[in-house]
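Dear colleague,

My notes on it follow directly after.

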Amino acid sequence: MCGIVGYVGPRDAPQVLLAGLERLEYRGYDSIGVAVQGEDRLDVRKVGGRLPQLNALLAEQPVHGPCGIGHTRWATHGEVTDSNAHPHVDCRGEIALVHNGIIENADQLRVRLQEAGHRFVTETDTEVLAHLIEDAPGDTLEERVRNALQEVVGTYGLAVVAKDDPGKVVAVRRGSPVLLGVGSGEYFVASDPTAIAEYTRSVVYLNDGDLAILEADGYRVLDESALPQCRVVDEIVWDAEAAALGGHPNFMWKEISEQAETVANVMRGRLFHEGATARLNGLNLTKGDAESIQRIRILGCGTSWHAGLVGRHIIEELTDIPVEVDYASEFRYRPVTATPNTLTIAISQSGETADTLEAVRAAREGGSRVVGLVNVVGSTLSRETDGGIYLHAGPEIGVASTKAFTAQLVALLLFALHVGRHRGLPATTGRTLLSELQRLPEQVARTLALGPQIEEVALDLLDARSAIYLGRGVQHAVALEGALKLKEISYIHAEGYPAAEMKHGPLALIDQEMPVVVLTPRDRVYHKVLASIREVKARGGRLIAISTEGMSEGIPLADHEIAVPEAPSLITPILTAIPLQILAYHAAILRGCDVDRPRHLAKSVTVE
Ligand code: BG6
């Protein structure tokens, strides 16, 4: 996934573009570039590398002008080189464009264009678009862009400028997120609102097939039949400050540290004590709808898939509905068995992950109603579902998801309570859960305060080549998430396992070098987990135990013990996940890793 930005207005465009690219870097950060239209000229500056390298190039070869586009890349086609960086241009260098997505028929188009005499200078799929527009009929840039795209198969969020149509940015959306920013006398294009929040809070989310034309005196939106459209102007609910570091060393630590507030934000206005339930108006699920559900299917990728695994335990416990959890990337190619009354829950922080979007479309084709658990307001998933729950966790910039995960778990608790109460869950159970949820923000704050102790424990992972995470029941999913966090940001190989599975194979990996993180909160399988601990310790494994406060006997044999506040077993995953986030964070920092932009990853992947 990449980030695109564009600007038309009175300011010096490079300044706006660079500020936007800085905010978009979490979407992809292996190469970066801008194209700026000045007096009768179009200048492109791009590098294989990051913002500091581009700034250095611009210091040497400055560009200025009121109109331009920019791009930060997560390579899909072609290596990470200066030439493969965006923007890409046509043969004469008079058309420049930036692209987020994949052109599936690029190879065929490239052959045809080369036979027609076009000279290609990159290995990217995107470059074909510049040459297609160069060849396309039309008096205006928007006409030529539209005609050129008739031949294109694939996904794109696109912004284009041309020397012979000055002061204009043309933006197009198909499959990748594109929004417009509406300022006073200035207009912006961006992949997400964080890129332009410091300039305007008024945004227009483009629909698939939309083409927008931005000029100094205004913007127009045409649909795929070139008919003028009046799209809603939405207001961004959070300010630029929320997307800034706010004094924290990096976004991941900021987002970990915000979790006492973010779990409270998910619950704000949704704890309905009179009804002993959760008020979830956005879900659009009537009592009848809730009563008719026969099966629930949860879809997601990465951390969102792990949230789904926790969600299965929560929903099956609070409702009598069987739940299955699928990797979205796998589900979309499974022959969907269209069982009636299957509700699909799609979990996605960004709401833009291509695999999850396509899985949702497959589920709908299979006749399933779909609700979304989404953090980004106005994202594609939020607009392609029958209802949903916004997490209100604020922008999550760090590539490794943290606050969105705990917010997803709270949202799943509210969902299960809401549906459960519609299906006969006793009011007493509802009230107990509501009062336990009210204690959660304070319990999260106390768990965050364990940071310094966990930082000490992270020293034990400094030289580890591998690690194993163990949990049982709902804590198995937390173990998987803990292992993912360590992999994502510290590059230490790690695996999560159901604790009882150790003796069926992985126990062979245990020796003095192998750190083993065990989730042992006081719950109904606690004693079973102790047995696994003994098996590991007997083979010399180094044990880090995540337990519950007040367990006077402590965790026998543990080398390190981190005790989180006591809570009901369905709420405890929120508390046990946080020490694993902090453990991975400090291990990565100790190893000198860039926790916000781990290598080879991106915040959400909008290409398959
Ligand atoms: C990956 C992110 O690209 O996508 C993960 O690095 C995330 O952090 C996963 O969990 C799924 O993203 P989303 O936005 O669909 O929850």
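The notes below treat the ligand site and then one serine.

This is a predicted model, in which local features need pLDDT of at least 70 and side-chain atom pairs count only at pLDDT 80 or more, while totals for chains, interfaces and linings use all residues. Residues are numbered from 1 along each chain as its sequence is written, and side-chain values use heavy atoms, with hydrogens and water left out.

Oxygen atoms of the ligand lie 2.7 Å from a polar backbone atom of Q349 and 2.7 Å from a side-chain N or O atom of S350. A backbone N or O atom of A602 is 2.8 Å from a ligand oxygen. Of the 390 Å² of accessible area that the ligand has on its own, the protein covers 91% (Shrake-Rupley method, 1.4 Å probe).

S401 is located in the loop between β22 (387-390) and α13 (403-422). S401 counts as buried because its relative accessibility is 9% (buried means under 20%, with a 1.4 Å probe and protein chains only). Leaving aside residues up to four places away in sequence, S401 touches T303, E396, E481, K485 and K603 (contact means heavy atoms within 4.5 Å).

Yours sincerely

How values were computed
Helices (H or I, at least four residues) and strands (E, at least two) are DSSP runs, numbered from the N terminus. Buried means under 20% relative accessible area, exposed over 50%, partly exposed in between (1.4 Å probe, protein chains only). A polar contact is a pair of N or O atoms within 3.5 Å; within protein, one must be able to donate a hydrogen and the other to accept it, and residues adjacent in sequence count only if both atoms are side-chain atoms.
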